[in-house]
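Hi,

Here is the structure I promised to pass on. Have a look at it first, and my notes on what turned up follow below.

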Amino acid sequence: ARRGEPLSTSILIYGRDERLLETRRWVLETAGFEVSTTAKPIEVYQTMVAQHIDLFILCHTLSADEQGIALATAHALRPEMRNLVLVEDTFESQLDPRDAILSAFATPKVLIAAAQTLAGVSAFSRSYLRALTNAIT
């Protein structure tokens with residue numbers, strides 16, 4: 001980004017279906033997000049270590065175990081990051097407060113709105129924590 005311009009909001013999408021990952025990437029990129037996708041668990045870890053991610057989206061194509069491991073990784077490496085779990089059926093869940101669920105069949109407009117809302121909360125939290133850290137030091 002040029003000086004004075006806000007940095008792009010960065011999203012990582014993790015799932016098994018490459019075509020679906022690319023479709024979701026395209027939808028979110030058209031809304032102005034910077035989007036990375038992966039179908040490999042090791043790349044989730046590598047990306048979170050190497051890059052700043054505002055929002056982590058987990059596709060419904062992952063098993064419950066894969067989602068659980070990915071969320072545990074996200075919580076450990078990026079505790080301030082928000083996570084959006086796409087599910088086939090909405091259900092009562094004991095999700096962490098940092099996590100939200102959305103139907104995997106939501107319209108592109110709903111997906112974009114959810115990403116904007118969740119990434120905005122993450123960006124606010126980061127700026128607040130930065131200001132707090134600067135005030136303390």
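Y14 and F56 are both buried (under 20% relative accessible area with a 1.4 Å probe, counting protein chains only; over 50% is exposed, and in between is partly exposed). They also make up the one aromatic pair in the count. Their ring centres are 6.5 Å apart and the planes sit at 10°, so this pair is stacked. For that label, rings of Phe, Tyr and Trp (its six-membered ring) need centres within 6.5 Å, and planes under 30 degrees apart are stacked, over 60 edge-to-face and the rest tilted. Y14 is in strand β1 and F56 in strand β3 (residues 55-58), so the pair ties together parts that are 42 residues apart in sequence.

Before you read further: this is a predicted model, with local features needing pLDDT of at least 70 and side-chain atom pairs counting only at pLDDT 80 or more, while totals for chains, interfaces and linings use all residues. Residues are numbered from 1 along each chain as its sequence is written, and side-chain values use heavy atoms, with hydrogens and water left out.

As for the overall layout, the protein chain has four helices and five strands (DSSP runs numbered from the N terminus: H or I of at least four residues for helices, E of at least two for strands). Reading from the N terminus, the order is β-α-β-α-β-α-β-β-α. The chain has 137 residues, and 37% of them count as buried. If you take contacts (heavy atoms within 4.5 Å) between residues at least 6 apart in sequence, 62% join residues at least 24 apart.

Now the charges. Side chains of opposite charge can pair when their charged atoms come close. The count here is four salt bridges, each being a side-chain nitrogen of Lys or Arg within 4 Å of a carboxyl oxygen of Asp or Glu. One of them joins R16 to E66, with the closest N and O atoms 2.8 Å apart. R16 sits in the loop between β1 (10-14) and α1, and E66 in helix α3 (residues 64-77), so this bridge ties together parts that are 50 residues apart in sequence.

E22, R25 and E29 are linked in a salt-bridge network. The closest N and O atoms are 3.1 Å apart for E22 and R25, and 3.9 Å apart for E29 and R25. E22 and R25 are three residues apart in helix α1, about one turn; E29 and R25 are four apart in that helix, again about one helical turn. E22 is partly exposed, at 38% relative accessible area, and E29 is partly exposed at 38% as well.

Leaving aside residues up to four places away in sequence, R24 touches I13, C59, H60, L86, A104 and L111.

Last, the surface. I42, Y45, V49 and L77 form a nonpolar patch there, with about 370 Å² of accessible area together. Helix α2 (residues 41-50) gives the largest share of that patch, three residues, and V49 is found in that helix. The protein chain as a whole exposes about 8200 Å², with carbon and sulfur atoms supplying 55%. Areas come from the Shrake-Rupley method with a 1.4 Å probe, and for residues only the protein chains shown count as cover. Patch residues have over 30% relative accessible area and no salt bridge; nonpolar side chains (Val, Leu, Ile, Met, Phe, Trp, Tyr) are joined within 5 Å, and like charges within 9 Å.

Cheers
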